[in-house]
Amino acid sequence: MGYESQADFGTPASTSEKMVTLTIDGRSVTVPEGTSVMRAAAECGGSIPKLCATDSVKSFGSCRLCLVEIDGARGTPASCTTPVGEGMNVHTQTPRLQKLRKGVMELYISDHPLDCLTCSDNGDCELQDNAAAVGLRDVRYGYSGENHMGLAPDISNPYFDFDPSKCIVCSRCVRACDEVQGTLALTIDGRGFGSKVSAGTSLDDFLSSECVSCGACVQACPTATLQEKSMKEIGKPERAVVTTCAYCGVGCTFRAEMRGEQLVRMVPWKDGKANRGHSCVKGRFAWGYANHQDRITKPMIRKSVDDPWQVVSWDEAIAYTASEIKRLKDKHGARALGGITSSRCTNEESFLVQKIIRAGFGSNNTDTCARVCHSPTGYGLSTAFGTSAGTQDFDSVMDSDVILVIGANPTDAHPVFASRMKRRIRQGAKLIVIDPRRIDLVRSAHIEADYHLPLQPGTNVAVLTAIAHVIVTEGLANEAFIKERCDWDEYQDWARFVSDPKNSPEFLEPVTKVKAEDLRGAARLYATGGNGAIYYGLGVTEHSQGSSTVLAIANLAMVTGNIGRRGVGVNPLRGQNNVQGSCDMGSFPHELSGYRHVADATVRKQFEDDWGVTLDPEPGLRIPNMLDAAVDGTFKVLYCQGEDILQSDPNTHHVAAGLKAMECVIVQDLFLNETANYAHIFLPGSTFLEKNGTFTNAERRIQLVRKVMEPANGYEDWEVTQLLANALGCGWDYTHPSQILDEIARLTPTFTGVSWDRLDKEGSLQWPVNEKFPDGSPIMHVNGFVRGKGKFVVTEYVPTDEKTGPRFPLLLTTGRILSQYNVGAQTRRTENTAWHPEDILEIHPIDAEDRGVKDGDWVKLASRTGETTLRALITDRVAPGVVYTTFHHPSAQVNVVTTEYSDWATNCPEYKVTAVQITPSNGPTDWQEDYASWAERSRRIKAEITAEAAE
Amino acid sequence: MDITRLTYMANQIARNVEARGHDIAVTDTATHIIKFWDPRMKAAMLNGDRSGLSPIAAEAMQKVEADVAAKAA
């Protein structure tokens with residue numbers, strides 16, 4: 001693909017099914033009713049000059065450049081605001097129009113710098129293109145009159161500049177901020193000649209304003225006014241390759257716009273079905289980590305974690321790793337070996353890691369970071385519905401009437417989908433938010449939740465059961481649906497259970513702290529408000545009753561019949577880019593790809609025949625069990641690809657003890673992450689820009705990841721796994737991930753129709769893709785549940801054993817922030833630190849005052865497990881008794897305080913509830929200081945030490 | 001494997017399925033452990049001190065024991 005901007009049809013597509021035929025410049029064209037004349041002209045190969053119109057936002061009709069003549073119509077209407085009519089005869093290029101357009105353009109150019117040759121937008125500027133299109137040759141007014149040239153640019157945003165001198169006040173940026181992103185940060189300040197784009201109040205620049213740096217305004221700007229700094233530095237790209245973002249589970253597709261092997265910018269791909277042309281600050285801008293100075297590109301080994309690292313060749317590293325694995329396998333047996341597949345890597349890479357563990361190491365000790373995020377989703381949804389995934393595509397939200405968000409903070413963690421959700425809410429959908437914290441969705445520009453239920457952390461099951469109580473006892477259950485689609489006997493058992501007065505909102509109010517009246521209102525709204533869709537995140541799963549909560553959510557969807565069509569469903573918002581995929585690929589210790597248990601001899605035989613090995617029929621260890629077994633002395637080797645368990649897993653001390661007890665820890669990563677401090681072998685990894693493969697997003701959408709540059713470390717991650725497998729004697733011979741994908745399709749019933757060629761042609765596919773669903777499945781359980789009858793499961797509220805008391809009276813809950821991503825390995829190595837340089841503790845004013853804590857003070861955060869320090873932010877976003885922080889920075893090491901309590905069914909850690917105490921502090925704890933010096937020592941590389949000595 | 005932790009895990013499973021009724025709870029707890037616990041975890045629990053197990057978990061462990069024995073045979 002060369003570099004051409006994507007086609008811009010000027011106005012959004014109409015969704016009408018009624019078609020209209022008209023004639024444009026003698027060409028007959030048939031388009032949906034409601035299409036603009038401008039778009040119809042573009043669809044039949046024409047191009048009407050335009051400045052204020054772009055197809056990502058509604059038509060505005062201000063620039064007057066797109067005027068057309070229509071037979072029988074008076075004057076020269078704007079084609080962007082004129083809908084097509086049956087039999088209409090339109091003329092888009094006439095001498096009269098040319099004269100008018102030239103006059104309009106002349107006025108624009110009279111107040112615009114003529115520095116096209118040296119402008120960073122040269123060759124990529126719509127103003128320039130349209131000046132050419134209208135044939136402007138002269139500006140009769142001269143340039144000496146009052147103008148806007150020479151104004152100071154706003155360079156505060158780390159990724160893009162705003163140059164008001166080049167602004168034509170088309171307000172495309174303002175409308176993109178309103179309509180596409182939904183933040184409504186930008187505005188036009190002043191009137192007439194004084195009109196100018198403002199990032200917020202008169203005191204704000206782009207960095208200090210409410211701007212979330214999503215890039216929608218930069219995308220919409222037709223001139224060089226809002227432009228990426230990288231374009232200014234590097235120049236115009238020469239080619240574009242469509243690939244998939246490697247941050248969150250939304251799975252946005254981007255055009256990686258390149259100069260040779262240099263990435264100039266990431267531009268959201270308009271044809272991407274997950275993001276529909278939108279992006280967030282991470283995917284669009286935060287890719288600088290790929291070439292960060294901290295990146296390690298050469299393999300390294302060491303005998304002991306107290307030694308400095310020694311850089312070695314790939315041959316030496318692979319030979320040493322294989323010999324260590326063999327040695328320890330001979331000594332301790334196969335079950336002492338295991339590994340972790342990465343939810344950051346591709347499906348093909350995850351598949352190969354679990355394959356090397358099962359077929360090469362000979363054990364089922366494979367797990368993935370879904371263990372610590374959405375494993376309860378897998379358990380809960382497969383139990384209730386028969387499949388371990390969300391039921392809808394993202395587009396479905398546009399048909400929702402009631403949106404229930406529980407334990408998720410989409411505007412921070414899934415921002416591109418949140419923009420769609422907010423658009424639907426602005427259109428009138430009702431909103432229920434169940435969250436201990438007043439997240440942005442509860443109240444933000446043009447958005448207000450109808451109900452916010454600020455529950456006590458740890459009481460999800462109680463609240464959801466109380467909602468079910470209201471629905472059943474008030475006769476709001478959709479019994480027709482239940483009789484047809486679910487097991488009626490199980491429903492009746494469940495209905496009896498939830499109807500018990502001990503599950504009423506009034507009885508549970510002292511526990512949940514949710515006003516019974518509000519809970520009843522929310523329950524009635526969800527049950528009777530039309531299409532009801534539930535979206536949830538880690539606030540549901542990361543609890544000791546995470547699996548029960550997922551089951552309770554499934555119960556609510558079934559009891560109200562909100563499943564199996566557009567606008568409804570149960571939608572887990574997946575954290576990592578490929579967490580869905582890594583689960584699908586058989587990363588869990590008890591199941592092979594496609595969620596089939598290892599104890600099933602028929603399934604196992606299929607793999608054994610294909611791989612030519614015998615597989616262990618017993619389930620392997622999950623991550624926390626691996627650590628326990630290591631401390632116990634029965635687990636010795638860990639191959640960890642693309643995950644930082646030391647920082648991300650709970651109870652850091654215990655993780656460290658587990659890692660220390662292992663004899664061979666192999667870390668494959670971009671950076672010397674925290675886990676690598678305990679590693680003996682470091683295999684450098686490659687970024688998503690350097691590899692081919694596929695990711696599967698939260699809507700089960702499989703999308704291609706395309707290599708745009710050579711791996712700085714020499715190999716794509718799947719190639720490294722293959723090198724190691726072959727050193728262990730596996731005899732693999734893949735030359736491209738498409739062959740691995742073929743193997744996955746061959747062995748996984750939900751993937752049989754998936755192939756590289758098909759994904760390349762069709763852009764994406766949503767599994768299941770097989771004989772029954774040849775074109776994939778945007779919506780699941782349409783005519784029946786995958787498991788047959790939907791299963792109602794009784795979910796009793798069992799309080800967590802993590803209790804507050806006199807020593808630890810507050811409840812800590814944790815989450816993510818927009819600009820940072822999880823452990824921050826990537827985002828901390830970008831300019832995103834401008835928004836969030838450190839983890840901050842949110843505390844309610846009453847709790848702060850009780851403890852003499854002021855805004856910005858250092859505080860010690862202590863739990864029964866450990867203690868750390870960070871700075872306090874006093875806010876009423878959290879309820880009294882609750883404190884909140886993020887876990888993006890290793891300096892705070894928030895997981896030092898989180899406990900080992902975990903979900904009863906999956907061992908997913910209870911990150912969301914920790915009893916803590918807050919006290920004023922002078923600075924870092926002993927642990928933080930010790931850890932920092934230990935980490936620094938552990939990261940020494942031998943060559944560097946020699947160099948220092950020579951100096 | 002630390003018996004205290006395994007006991008805690010078994011009891012936690014039992015406690016969460018208890019509302020399904022005694023017999024189902026015992027079966028579901030046993031099935032869960034058979035399905036998700038690694039052999040060394042099962043062995044440690046079966047060979048270790050079971051006195052800390054709740055009645056449902058203790059009954060479930062008998063079923064697990066029978067399953068392990070059947071598979072070994």
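In this predicted model, strand β21 (residues 532-536) of chain A pairs with β22(A) in the parallel sense over 3 bridges. Strands are DSSP runs of E with at least two residues, helices are runs of H or I with at least four residues, and both are numbered from the N terminus. Two strands count as paired if DSSP finds at least two bridges between them. Within this pair, A:Tyr536 stands opposite A:Pro572 in β22(A).

Helix α17 (residues 516-528) of chain A packs on the sheet and touches β16 (402-406), β17 (430-434), β20 and β21 of chain A. The direction of α17 makes about 125° with that of β20(A). Such angles run from 0 to 180 degrees between N-to-C directions, with axes fitted to C-alpha atoms, for helices over the stretch in contact. Contact between two residues requires C-beta atoms, placed from the backbone, within 7 Å.

The open sheet has 5 strands in the order β20-β17-β16-β21-β22 (chain A), with parallel pairing. At its edges stand β20 (451-453) and β22 (570-572) of chain A, each with a single partner strand, so one side of each has no neighbour in the sheet.

Residues are numbered from 1 along each chain as its sequence is written, and chains are lettered from A and ligands numbered from 1 in the order in which they are written. Local features need pLDDT of at least 70 and side-chain atom pairs pLDDT 80 or more, whereas totals for chains, interfaces and linings use all residues.

Elsewhere in chain A, 5 of the 5 residues of strand β14 (residues 337-341) are buried, so β14(A) is largely enclosed by the rest of the structure. Buried means 20 or more other C-beta atoms within 10 Å of a residue's own, with C-beta atoms placed from the backbone. A:Leu337, A:Gly339 and A:Thr341 cover one side, and A:Gly338 and A:Ile340 the other. The strand pairs as follows.

β14(A), helix α9 (residues 347-361) of chain A and β15(A) make a right-handed β-α-β unit; with the strands pointing away from the viewer, the path from the first strand over the helix to the second runs clockwise.

Chain A contains 30 helices and 36 strands, and 58% of its 951 residues count as buried.

Between the chains, 20 residues of chain A are in contact with 18 residues of chain B. Helix α22 (residues 623-632) of chain A gives the most to the chain A side, with 4 residues.

Conventions. Buried ≥ 20, exposed ≤ 12 C-beta atoms within 10 Å, placed from the backbone.
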